[in-house]
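Subject: Structure handover

Hello,

Here is the structure I promised to pass on to you. Please have a look at it first, and then read on for my notes.

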Amino acid sequence: MRIIVGITGASGSIIGKRILEVLKEKDIETHLVITDAGKTTMSYEIGDVRTVEELATKTYDINDIGAAIASGSFETQGMIVAPCSMKTMSAIANGFEINLLVRAADACLKQRRRLILVPRETPIIKSYAENMVKCLELGAIVVPPMVPYYEKPKTVDEITDFFVGRVLDFFGIEHSLYKKWGGL
Ligand SMILES: Cc1cc2nc3c(=O)[nH]c(=O)nc-3n(C[C@H](O)[C@H](O)[C@H](O)COP(=O)(O)O)c2cc1C
């Protein structure tokens, strides 16, 4: 299995990091691209960008538009953009391939592969909502990082694991990151 992971400048770089950690534990090949703003936010929220990059099988420069993941002929099971900024969501919604991350996302859409977007912003304005709808219409799966209050989480790590588990479910990856709901 081979999955592309994109990390943007939205808050929540811990989500992208945790996805990479779990995929590494499962021996799944990961191809990582981080935007410039993604690196800025990550430095602030996590501290060290290189530690995150080292979790991936391969890391690409955001401007390397000749990279393998830019082409639909490079076979993958799909891509996860987590977290996804409103700017990157807008670019994907409009096919505006400003960098390798957006190009790789478009390549997944055109090959009809899974594209999971994890948009994080609050509150939402009309343009954000409209871009989200455009992404849905293009075939992306939009998974906002919501807090599972009913699980009564005690730590940010628990919330993150629950959420990462929900994302990995789309790829049929087995995990024990959260307990599946069995009814009240
Ligand atoms: C600490 C921090 C937190 C941010 N949080 C968000 C956020 O939650 N959502 C968002 O859309 N942008 C957020 N931004 C702004 C984006 O980083 C900014 O719009 C950037 O241009 C996005 O570029 P990118 O899509 O190329 O990563 C944040 C910026 C910083 C520094």
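Let me begin at the start of α5, where a side-chain oxygen of N99 comes to within 3.1 Å of the backbone nitrogen of L101. That is a polar contact, by which I mean a pair of N or O atoms within 3.5 Å; within protein, one must be able to donate a hydrogen and the other to accept it, and residues adjacent in sequence count only if both atoms are side-chain atoms. Helices (H or I, at least four residues) and strands (E, at least two) are DSSP runs, numbered from the N terminus.

Two words on the basis of all this. The model is predicted, so local features need pLDDT of at least 70 and side-chain atom pairs count only at pLDDT 80 or more, while totals for chains, interfaces and linings use all residues. Residues are numbered from 1 along each chain as its sequence is written, and side-chain values use heavy atoms, with hydrogens and water left out.

Back to α5 (residues 100-110): 9 of its 11 residues are buried, so the helix is largely enclosed by the rest of the structure. Buried here means under 20% relative accessible area, exposed over 50%, and partly exposed in between (1.4 Å probe, protein chains only). Among the buried residues of α5 are L100, L101, V102 and D106. After the helix comes R112, with a positive phi near 60°.

Helix α6 (residues 126-138) has 13 residues and spans 18 Å from its first C-alpha to its last, close to the 18 Å expected at 1.5 Å a residue; the expected span is 1.5 Å times one less than the number of residues. Its buried residues are N131, M132 and C135. Viewed down the axis of α6, they fall within an arc of 105°, so they line one face of the helix; the arc is that of the directions from the helix axis to the C-beta atoms. The face turned away from this buried side carries the exposed residues K126 and E137. For K126 the relative accessible area is 63%.

Now to the ligand. Of the 13 residues around it, G9, T35, S85, T88 and R120 come nearest, where a residue is near if one of its heavy atoms lies within 4 Å. Three of these place an atom by a ligand oxygen: a backbone N or O atom of G9 at 2.8 Å, a polar side-chain atom of T35 at 2.6 Å, and a polar side-chain atom of S85 at 2.5 Å. Taken alone, the ligand exposes 630 Å², and the protein buries 70% of that (Shrake-Rupley method with a 1.4 Å probe; for residues, only the protein chains shown count as cover).

Both α2 (36-45) and α4 (86-93) supply at least two residues of the shell, and the largest share, 3 residues, comes from α4. By class, the shell has 3 nonpolar, 7 polar and 3 charged residues. Ala, Val, Leu, Ile, Met, Phe, Trp, Tyr, Cys and Pro count as nonpolar, Asp, Glu, Lys and Arg as charged, and the others, Gly among them, as polar.

At 18% relative accessibility, H175 counts as buried. Its side chain reaches the backbone oxygen of G165 at 3.2 Å, and a polar contact of 2.7 Å joins the side chains of H175 and D169.

Best wishes
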